[in-house]
Amino acid sequence: MTAVTTWILTLSCPDRPGIVAAVAGALAGLEGNITESQQFGDPVSGLFFMRVEVQVDAPREDLTRVLDPVTSAYGMTWDLDVVGRPLRTVLMVSTASHCLHDLAYRQRSGRLPIDVVAVVSNHTALQGIADFYELPFHHVPVTRETKAQAEAELLRIVGETDAELVVLARYMQILSDDLCRELDGRVINIHHSFLPSFKGARPYAQAHARGVKLIGATAHYATADLDEGPIIEQDVERVEHDDDVAELQAMGEDVERRVLARAVRWHAEHRVLVDGRRTVVFR
């Protein structure tokens, strides 16, 4: 007898009546027990989104068989995975260590459903951290002249490790348009968020000089439009007038850790569905 497995079904399709009933009916045909269900109909895009957790005493093939007529009838884009399965993940870093430390610790302590299969960096400064957490480290230097070769090496590592997710954990290189298209929907980036926005060198010093009152972080999917991919999560910290640059940077790093960890966890738990330039996040 097949062991009872809890599955996650995610789907999107043009919104119309009967979708929830059709999905529930198909799962009921296998005596599936729905333990969690969330749905959202976007009146702007006209799309319907759904995430279902269901306990079924049946293999994937049987689930696919009963779902195929429904997904075809409603024109669904859908995915099926086992609850809690760690997502094979590549972390990309440069010299800032706070996000690497945080994600590696959360993975080791069982608080993040990912399996870090590689750490890729254009520097060697963080190799000691990867070694401490027993994570494979790959030094892939990048220059203007070697960018294409470096990205080819990254794709080789992704393919060789069968990675499902790439996290730019303060990786200070811009990915090419071709690479973003190749890994579409599989790359999460984190960057600081200031009001107003400060780009270039020493953003915290710039923010301090302007006397900002809020600093924060944004986690989003990487696309060919730099820092404009669909947003997954954001958070902010209030700044006081007597906070110096070092204190702003410490607060910024802390909020970056939190925001990135939440975004990675929600993605790994299949809680994030892309809705054009936006996301639907079933928390």
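A word on the model before we start. It is predicted, so to speak from a calculation throughout: local features need pLDDT of at least 70, side-chain atom pairs count only at pLDDT 80 or more, and totals for chains, interfaces and linings use all residues. Residues are numbered from 1 along each chain as its sequence is written, and side-chain values use heavy atoms, with hydrogens and water left out.

Let's begin with helix 7, residues 203-210, and helix 8, residues 245-268. Helices here are DSSP runs of H or I with at least four residues, strands are E runs of at least two, and both are numbered from the N terminus. Two packed helices are described by the angle between their axes and the distance between the axes. For helix 7 and helix 8 the angle is about 120° and the axes are 9 Å apart. The axes are lines fitted to C-alpha atoms, for helices over the stretch in contact, and angles run from 0 to 180 degrees between N-to-C directions. Helix 7 is therefore oblique to helix 8; under 35 degrees counts as roughly parallel, over 145 as roughly antiparallel, 65 to 115 as roughly perpendicular, and the rest as oblique.

Who meets whom? From helix 7 we have Y204, A205, A207 and H208, and from helix 8 V245, L248, Q249, G252, E253 and E256. Contact means heavy atoms within 4.5 Å. The residues of this contact divide into five nonpolar, three polar and two charged.

Staying with helix 7, its buried residues are P203, Y204, A205 and A207. Buried means under 20% relative accessible area, exposed over 50%, and partly exposed in between, with a 1.4 Å probe and protein chains only. The cover over those residues includes strand 9 (187-194), strand 10 (214-221) and helix 8. Just after helix 7, G211 takes a positive phi of about 70°.

Now to the other partner of helix 8 in this talk. Helix 3 and helix 8 pack at about 40°, with axes 9 Å apart. That makes helix 3 oblique to helix 8. On the helix 3 side the contact uses H98, C99, D102, L103 and R106, and on the helix 8 side E253, E256, R257, L260 and A261. These residues divide into four nonpolar, one polar and five charged.

F48, in strand 3 (residues 47-56), counts as buried at 8% relative accessibility. D275, in strand 12 (residues 272-275), counts as buried at 5%. The side chains of D275 and S45 are joined by a polar contact of 3.0 Å.

Methods. Ala, Val, Leu, Ile, Met, Phe, Trp, Tyr, Cys and Pro count as nonpolar, Asp, Glu, Lys and Arg as charged, and the others, Gly among them, as polar. A polar contact is a pair of N or O atoms within 3.5 Å; within protein, one must be able to donate a hydrogen and the other to accept it, and residues adjacent in sequence count only if both atoms are side-chain atoms.
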